[in-house]
Amino acid sequence: MGSDQFNELTSRELEVLSLLVTGDSNRRLAQRLGIAERTVKAHLTSLMRKLGVESRVEAALLAQRSQKALSDLGAIPKGPMG
């Protein structure tokens, strides 16, 4: 899978997507990124809509299969614990 499918995502959505593969809760993702849990939920909703997936599991599987493309896009968490 190429990076074209991720073109519509913001840099923060890419970070959230890349962290989904950890299986962490929204609260933990928020802590890792240094943002509010509510903001993580908003990013998840937006990125799932843009990618055409219906669940965070689908999004995580897509991210896992697309690790190279995400890495090429610089989707590396920059939060306090990432």
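Arg12 and Glu15 both sit in helix H1, three residues apart, which is about one turn of the helix. Helices here are DSSP runs of H or I with at least four residues, strands are runs of E with at least two, and both are numbered from the N terminus. The model is predicted: local features need pLDDT of at least 70, side-chain atom pairs count only at pLDDT 80 or more, and totals for chains, interfaces and linings use all residues. Residues are numbered from 1 along each chain as its sequence is written, and side-chain values use heavy atoms, with hydrogens and water left out.

Arg12 and Glu15 form a salt bridge, with their closest N and O atoms 2.8 Å apart. The term stands for a side-chain nitrogen of Lys or Arg within 4 Å of a carboxyl oxygen of Asp or Glu. By this rule there are four salt bridges. Arg12 is partly exposed because its relative accessibility is 25%, whereas Glu15 is buried because its relative accessible area is 7%. The cut-offs are under 20% relative accessible area for buried, over 50% for exposed, and in between for partly exposed (1.4 Å probe, protein chains only).

Helix H1, residues 11–20, also holds Glu13. With a relative accessible area of 4%, Glu13 is buried. A polar atom of the Glu13 side chain lies 2.9 Å from the backbone nitrogen of Thr10. Leaving out residues up to four places away in sequence, Glu13 touches Glu8, His43, Ser46, Leu47 and Lys50; contact means heavy atoms within 4.5 Å.

Another of the salt bridges joins Asp24 and Arg32, whose closest N and O atoms are 3.3 Å apart. Arg32 has a relative accessible area of 17% and therefore counts as buried.

Glu37 and Arg27 also meet through their side chains in a salt bridge, at 3.6 Å from N to O. This pair links distant parts of the chain, 10 residues apart, with Glu37 in helix H3 (residues 37–51) and Arg27 in helix H2 (residues 26–33). Glu37 is partly exposed, at 28% relative accessibility, while Arg27 is exposed, at 53%.

From C-alpha to C-alpha, Gln5 and Ala69 are 9.5 Å apart in space, and 64 residues separate them in sequence.

How values were computed. A polar contact is a pair of N or O atoms within 3.5 Å; within protein, one must be able to donate a hydrogen and the other to accept it, and residues adjacent in sequence count only if both atoms are side-chain atoms.
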